[in-house]
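Please read it alongside the sequence and the model.

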Amino acid sequence: MLERLILFDLDGTLIRSLNGFIAFNEAIYKTFGLSGDIRTVIPDGNTDPLILEDIFTAANLKVEITEEKWRAFAQNLYESYTDAIQRGLMRVFPLPGVLELVRKLAEVKGIYQGVVTGNLEKTGRLKLEAAGLGAYLGLGAYGSDSRNRNDLPGIAKERWAGVIGKPLPSRHCTIVGDTPKDLDAARKNHMRCLLVGSGRYAVEELGLLKPDACLPDFTDTKAVVEALLG
Ligand SMILES: [Mg+2]
């Protein structure tokens, strides 16, 4: 039987958040007493720990992020996101074609769907739930597992191998993302990569990087499944 592990990035690939920056900035203020703004950096493809460092660097702030502060920030971020979603201030929605795609893939025997994202696990899962994708996706690797994105595909693969009960060859794994960093992580881990133009980067720009497959969006379910299994 054909076995494939598909590892989806979240932001810009599966989902988009409206006003997510408000909760992120609120968590910075609650934790550090400083006004940092995520809109001053390019977070796409980065992990939350490195995004936080970038924000402080952009603001010329010398902040030591101790283990204790880091844990407090993660908790504050989760609470701020939860509160903003409940109040309708922040909205998370699946990108066009995503629900149809994950439903279709869930029907195919031998296909496993997971995540590789720079979001922390608790907030990543919260976003998936808010977008209506929680029933299909969750297991994988998150920014809370490592600050270096290139570490994440291997961690996700090992977790899935534990669930499946046998090792999966890297060539049977595909990273699906919307940035050059997703492609880099795939290549460093000898995995296939499909890039989609639904995030910050246009499909033409992503295509120049020569991923294994490249699509403008996920609206053509059949074409996405073919690109994933080809
Ligand atoms: Mg992304």
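A residue counts as buried if 20 or more other C-beta atoms lie within 10 Å of its own, as exposed if 12 or fewer do, and as partly exposed in between, with C-beta atoms placed from the backbone. With 12 C-beta neighbours inside 10 Å, histidine 190 therefore counts as exposed. The model is predicted: local features need pLDDT of at least 70, side-chain atom pairs count only at pLDDT 80 or more, and totals for chains, interfaces and linings use all residues. Residue numbers start from 1 along each chain as its sequence is written.

**Overall build**

- The chain has nine helices and eight strands. The radius of gyration is 17 Å, close to the 17 Å that the globule rule gives for 230 residues, so the chain is as compact as a globular protein of that length. That radius is taken over C-alpha atoms, and the globule rule is 2.2 Å times the number of residues to the power 0.38.
- Helices (H or I, at least four residues) and strands (E, at least two) are DSSP runs, numbered from the N terminus.
- The C-alpha trace spans about 55 × 35 × 30 Å along its principal axes.
- Of the 230 residues in the chain, 43% are buried.
- Two residues are in contact if their C-beta atoms, placed from the backbone, lie within 7 Å. Among contacts between residues at least 6 apart in sequence, 60% join residues at least 24 apart.

**Domains**

- Domain 1 takes in 4-17 + 93-229, and domain 2 takes in 18-86. These bounds come from an automatic or database domain assignment.
- The centres of domain 1 and domain 2, taken over C-alpha atoms, are separated by 24 Å. To the contact, domain 1 brings 19 residues and domain 2 brings 15 residues.
- On the side of domain 1 that touches domain 2, α5 (121-130) and α7 each supply at least two residues. The most comes from α5, with four residues.
- By class, the residues on this side of domain 1 are four nonpolar, nine polar and six charged. Here Ala, Val, Leu, Ile, Met, Phe, Trp, Tyr, Cys and Pro count as nonpolar, Asp, Glu, Lys and Arg as charged, and the others, Gly among them, as polar.

**The six-stranded sheet**

- The order β5-β4-β1-β6-β7-β8 describes an open sheet of six strands with parallel pairing. Its edge strands are β5 and β8 (213-215), each pairing on one side only.
- Two strands pair if DSSP finds at least two bridges between them.
- Strand β1 (residues 4-8) is joined to β6 by four bridges and runs parallel to β6. Five bridges link β1 with β4, again in the parallel sense.
- Leucine 7 stands opposite isoleucine 175 in β6 and opposite glycine 114 in β4. Isoleucine 6 has glutamine 113 as its bridge partner in β4.

**Strand β4 and its crossover**

- Five of the six residues of strand β4 (residues 111-116) are buried, so β4 is largely enclosed by the rest of the structure.
- Two bridges join β4 to strand β5 (residues 140-141), and the two run parallel. Valine 116 stands opposite alanine 141 in β5.
- From β4 the chain crosses through α5 to β5 in a right-handed β-α-β crossover. Right-handed means that, with the strands pointing away from the viewer, the path from the first strand over the helix to the second runs clockwise.

**Strand β6 and its crossover**

- Strand β6 (residues 173-177) is mostly covered, with five of its five residues buried.
- In a regular strand the side chains alternate between the two faces of the sheet. Cys173, Ile175 and Gly177 on one side of β6 and Thr174 and Val176 on the other are all buried.
- Four bridges pair β6 with strand β7 (residues 192-196) in the parallel sense. Threonine 174 has arginine 192 as its bridge partner in β7.
- A right-handed β-α-β unit is made by β6, helix α7 (residues 180-188) and β7.

**Positive phi**

- Most residues other than glycine have a negative phi, and most peptide bonds are trans.
- Histidine 190 has a positive phi, near 55°. Its place is in the loop between α7 and β7.
- Asparagine 60 has a positive phi as well, near 60°. Asparagine 60 lies in the loop between α2 (48-58) and α3 (67-86). With 6 C-beta neighbours inside 10 Å, asparagine 60 counts as exposed.
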